Amino acid sequence: MRLERLAFSLYSASVRAAREPWNYQDPPDGLGVPDTMDGRFDLIAVYAFLLIRRLRALEAPGPDIAQGVFDAMFSDMDRSLRELGVGDMTVGKRVRAMWEAFHGRAVAYEAALQGAGADGGAALAAALERNVWRSAPAAPGAAATLARIVRAQIAALDRAAVLDGEAGFLPAREAAA
């Protein structure tokens, strides 16, 4: 039960980070992520991916907490769809589609991070642009800015006591600098 609460608390921190208003304001005053259900899901997916990635790299109970974060995310997605009035017969299919989308993004982001040294981070920016701005074109430089934010958040998570419930996400504007 303690790990479940910890996982939910960490997931909640990733949602708060993804929902910072700056992320959705138009450049130059913000990042320009589309303020839509899809845009919000995609940014939550980025932050949840970063958190799960960090937890999986730790010794036990890190991987168990990572699974708890994943479970909390999709429990929250289920609840959100129901609150929006999506019918019971459709919720499971929608959540499964979201799970598959999250998994695909996680694979793409991890591959881009693994190859970041070779291309200076261009693959990460491309993966972010392809996913986060799939419904609307990104402003020039926005995907590269989000890639900088991702790298800054990775460093912040590496310093955070995540096993004690400290996500350590930086404010997006600060991470972008």
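Mentor: Helices are DSSP runs of H or I with at least four residues, and strands are runs of E with at least two, numbered from the N terminus. This is a predicted model: local features need pLDDT of at least 70, side-chain atom pairs count only at pLDDT 80 or more, and totals for chains, interfaces and linings use all residues. Residues are numbered from 1 along each chain as its sequence is written, and side-chain values use heavy atoms, without hydrogens and water.

Trainee: What makes a space a pocket?

Mentor: On a 1 Å grid over the protein atoms alone, a pocket is an open set of points with protein on both sides within 12 Å along at least five of seven lines. The largest pocket holds about 480 Å³ of space. That volume is what probe spheres set on the points fill.

Trainee: Which residues lie nearest the centre of the largest pocket?

Mentor: Met-37, Phe-41, Met-77, Ser-80 and Met-98, out of 23 lining residues. A lining residue has an atom within 4 Å of a point, so each of these meets that cut-off.

Trainee: Which element gives the most to that lining?

Mentor: α3, with six residues. α1 (2–18), α2 (37–56), α3 (62–83) and α4 (88–114) each give two or more.

Trainee: How many of the lining residues are charged?

Mentor: Nine, beside 12 nonpolar and two polar. Asp, Glu, Lys and Arg count as charged.

Trainee: What lines the second largest pocket?

Mentor: Its lining includes Phe-49, Arg-53, Trp-99 and Glu-110. The volume is about 250 Å³. α4 supplies the largest share, five residues. The lining divides into seven nonpolar, two polar and three charged.

Note on methods. 1 Å grid on protein atoms, 1.4 Å probe; cavity = no way out; pocket = protein on both sides within 12 Å on 5 of 7 lines; lining within 4 Å.
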